[in-house]
Amino acid sequence: MSDYAPEDAALLCGVGRLVCAWTMLEQSLEAKIAMMREAMGDVRTVGARTRPGMTKLMTELRTMVSMRDRRNAGALTEISDIERDMQRIDRFRSLIIGGFQQPAPGGFTCRDARNNQTHVSLEQLDVEIGSLERVAQRLLAV
């Protein structure tokens, strides 16, 4: 931390917001599934032994929505659209978490899975955080 300049505070805050927004999305999805289970008469908990990942949570949500709305495919279509958006955001999140290199003017540099250096701007980080928050709202409305 001592190597970071005071102007890097926005960068550190943005990365923290991205990580926290993803975790909050997982927790709220887990709570929604628990509420849906209870409404359907099932009281077991989601992932009792280990914390389920986003893929397992989305699979369970899709299953429960298909049982709830057997004649309404609109909700399943919305879930598919949300999943595509979440996969894109998750790739971005993985790039930031796994590939962060160093602060750079206007943002920071990362290395992707192919070891290509990429510049991520603070504006791009803010856009992705906003996208994640919108996905969360759409997901909880399903």
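## The largest pocket

Helix H3 gives the most to the lining of the largest pocket, with 5 residues. Helices here are DSSP runs (H or I, at least four residues), numbered from the N terminus. H2 and H3 each supply at least two of the lining residues. The lining consists of Trp22, Met54, Thr55, Met58, Glu83, Met86, Gln87, Asp90 and Arg93, and by class it has 4 nonpolar, 2 polar and 3 charged residues. Nonpolar covers Ala, Val, Leu, Ile, Met, Phe, Trp, Tyr, Cys and Pro, charged covers Asp, Glu, Lys and Arg, and the others, Gly among them, are polar.

## Basis of the model

This is a predicted model, in which local features need pLDDT of at least 70 and side-chain atom pairs count only at pLDDT 80 or more, while totals for chains, interfaces and linings use all residues. Residues are numbered from 1 along each chain as its sequence is written, and side-chain values use heavy atoms, leaving out hydrogens and water.

## H2 against H3

H2 (residues 54-68) and H3 (residues 74-99) pack at an angle of about 170°, with their axes 10 Å apart. H2 is therefore roughly antiparallel to H3 (an angle over 145 degrees, taken between N-to-C directions on a range from 0 to 180 degrees).

In contact (heavy atoms within 4.5 Å), Met54, Met58, Leu61, Arg62, Val65 and Ser66 of H2 meet Ala75, Leu76, Ile79, Ile82, Glu83 and Met86 of H3. These residues divide into 9 nonpolar, 1 polar and 2 charged.

## Proline 52

Proline 52 sits in the loop between helix H1 (9-39) and H2. Proline 52 is buried, with a relative accessible area of 5% (buried means under 20%, with a 1.4 Å probe and protein chains only).

Technical notes: Parallel < 35°, antiparallel > 145°, perpendicular 65-115°, else oblique. Buried < 20%, exposed > 50% of the residue type's maximum accessible area, 1.4 Å probe, protein only. 1 Å grid on protein atoms, 1.4 Å probe; cavity = no way out; pocket = protein on both sides within 12 Å on 5 of 7 lines; lining within 4 Å.
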